[in-house]
Structure formats: structure tokens, C-alpha cells
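Keep the model in view as you read.

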Amino acid sequence: MAHNHYSERPEIKVSEISRDASGERVKFMVKGCQLATANALRRVMISEVPTLAIDWVAMEINTTVLHDEFIAHRLGLVPLTSDLVSKLDYARDCICEGFGCNSCSVQLVLDVACTDDETKLVTTADLQSNVDEEGGRVVPVTSKRAQGAYDSEEHILLVKLRKNQRLKLRALARKGTGKEHAKWIPVCGLGFEYDPDNALRHTTFEHPEEWPKSEYSVLKDDPLRHQLPYDPKGTPDTTFFNVESTGALPPEDIVDSAMGVLQTKLLDLGFHVKHLDQPDGQ
């Protein structure tokens, strides 16, 4: 068989889980796994792990210099903590038919007015959620970080107000995935590497000495060697991941959720292949 060198139970080794002011990330290695399977996991982490994002905005008062659609678009791209995402239904599947109930959405409100001569900044800190309790918070990620998670965190600027200007709105955060819209993507960076020393020659370095060495390179301490000799029989059976979260979900939860999604898709595929030649209803 062509794939006998692959293990039925891949080895997974986590090298780092970190949370600090620079971000939240997990680094791990998968060994004994086909490149296609590892790449499928990468794609699922980006496009099929559900999170929460603002998907509906009702403007009540807007006398700012930005029109309604511009502000609504900015709100949609604000990352929200999504710890409750597994408890919510997709709006398309909810009995409320997408009008926004507690089973499929979280309401956020914002009401800021400028009464002084100085410019007033409207930021994500002004967004107030109706679900903001310990163990079940849905707030902008920057608000979570500013409340003790990290030493310092700047809130995201939404719009600036001058004297006598006001912004009042109501918004609904809904469950979705990255393949529907980029605002639901849970990762802001996803490193994926399977041949740190270019032994497979899947790419060609015109000047190998100018190419920075990978942190996983076995040649890091050898200044005279920049890539391994070509291995024509080599196989990419070890993959290195670096998953950096937007803050919507912990990075390890993103990986775990993606593995669950991938497993479900494979089980569904196996079921349909098994019953491909059977008549309907059997």
C-alpha cells in the first residue's frame, strides 16, 4: 500500500500554550499523519469553527460623520468572546426565524454622546452586552483583556464624536463560521509547516543562504548549511502548527473544536459512501 508508513494513531506533541499581551497561541506537532489530513485540519480551524460576531445592527441615532453602513461594518469585525457559542443555535435553524431570541443571539447596546468641546472616542469599551457574567460572557475581546487578563490593552476605536454628536444603536451577535464571513474566523494567524529544511524540494530557494531558518530546523546551529540534501523518497509525515487566536476562543479550544468538526465530516462521508449503492429508505 502507498501509505503504510503513516500511523493509524498520529502522535501529537504540544510545545507551547501562551497567553500574554501579544496574543493567545498554541504550538503543536502532528507526526505520522498524511499532509492532506493535516491541511484539512488547518482549513477547518480557519473556516468551520463557530464563533460569535455582530451580524445585525439597528441604528437609532447617528449624527456622526460616518454613515450607518460604515459603522455596522466596523462593529461586525470586532472579535467577541465566544465561550457560549456551543450553547447557541444558528439563526437559520432557530424557531424565531432569525428575529433574534436568547437561543440564537446575544444583544449588545451602545449609547454615547459628546457634550464637550474635546473630541470623544467611541470604542469597544462602550458596547454593553446582556450576557456579561463570569463563566458566560459575551463582550469584545479587548474588554475581556482590559479587565485583568493582561496588563494593558487598547480598546478598538469605532468612531470619533464632536460636540452635540451622538451614536445610539442596538446590535445582535450571532453564531457563524469563517466560510460564511471572515468576521467569524477564530484565528488571526495559523502557521503550518511540514518541511522546515526543504529536504523534499517542494519549493526552490534561489539563494538558500538568504532564507530565514525555521524554528523547527535541525540546522539552526550550523551557519554553513541552509537546507538538507534532497530526499527523493521522503514523505511529509510531520507537521508543525502555530495557532494564534483572535481571542474569541482559547487556541486549544479552536484545535479541539476543529478536530471534532473534521471527525464528524469524515463519519458523514463514510456513512454516505457505505450506503451509496443502496436504494432510498434502506
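The model is predicted: local features need pLDDT of at least 70, side-chain atom pairs count only at pLDDT 80 or more, and totals for chains, interfaces and linings use all residues. Residues are numbered from 1 along each chain as its sequence is written, and side-chain values use heavy atoms, with hydrogens and water left out.

Start with the core. In soluble globular proteins, nonpolar side chains tend to be buried together. Here the largest nonpolar core has 43 residues. Such a core is a set of buried Ala, Val, Leu, Ile, Met, Phe, Trp, Tyr and Cys residues joined through side-chain atoms within 4.5 Å. Buried means under 20% relative accessible area, exposed over 50%, and partly exposed in between (1.4 Å probe, protein chains only). M45, L110, V122, F241 and V243 have the most contacts inside this core. Helix α4 (residues 251-274) gives the largest share, five residues. Helices (H or I, at least four residues) and strands (E, at least two) are DSSP runs, numbered from the N terminus.

Now look at M45. Contact means heavy atoms within 4.5 Å. Leaving aside neighbours within four places in sequence, M45 is in contact with P186, V187, L190, F241, V243, I254, V255 and A258.

S47 lies in helix α1 (residues 35-47). At 19% relative accessibility, S47 counts as buried. A polar atom of its side chain lies 2.8 Å from the backbone oxygen of R43. Beyond four places in sequence, S47 is in contact with T177, G178 and K179.

S105 is buried, with a relative accessible area of 5%. Its side chain reaches the backbone oxygen of C101 at 2.8 Å. With neighbours within four places set aside, S105 is in contact with L88, G100, L172, A173 and R174.

Is K183 buried or exposed? K183 counts as buried, at 17% relative accessibility. Its place is in the loop between β10 and β11. The side chain of K183 makes a polar contact with the side chain of D55 (2.9 Å). A polar contact is a pair of N or O atoms within 3.5 Å; within protein, one must be able to donate a hydrogen and the other to accept it, and residues adjacent in sequence count only if both atoms are side-chain atoms. Not counting residues up to four places away, K183 touches A53, I54, D55, G76 and L77. K183 and L75 are 108 residues apart in sequence and 9.7 Å apart in space, C-alpha to C-alpha.

Two loop residues come next. N164 lies between β9 (157-161) and β10 (166-176). Its phi is near 75°, a positive value in a residue other than glycine. N164 is exposed, with a relative accessible area of 66%. R201 lies in the loop between β11 (187-193) and β12 (238-245). Phi of R201 is near 55°, again positive in a residue other than glycine. R201 is partly exposed, at 30% relative accessible area.
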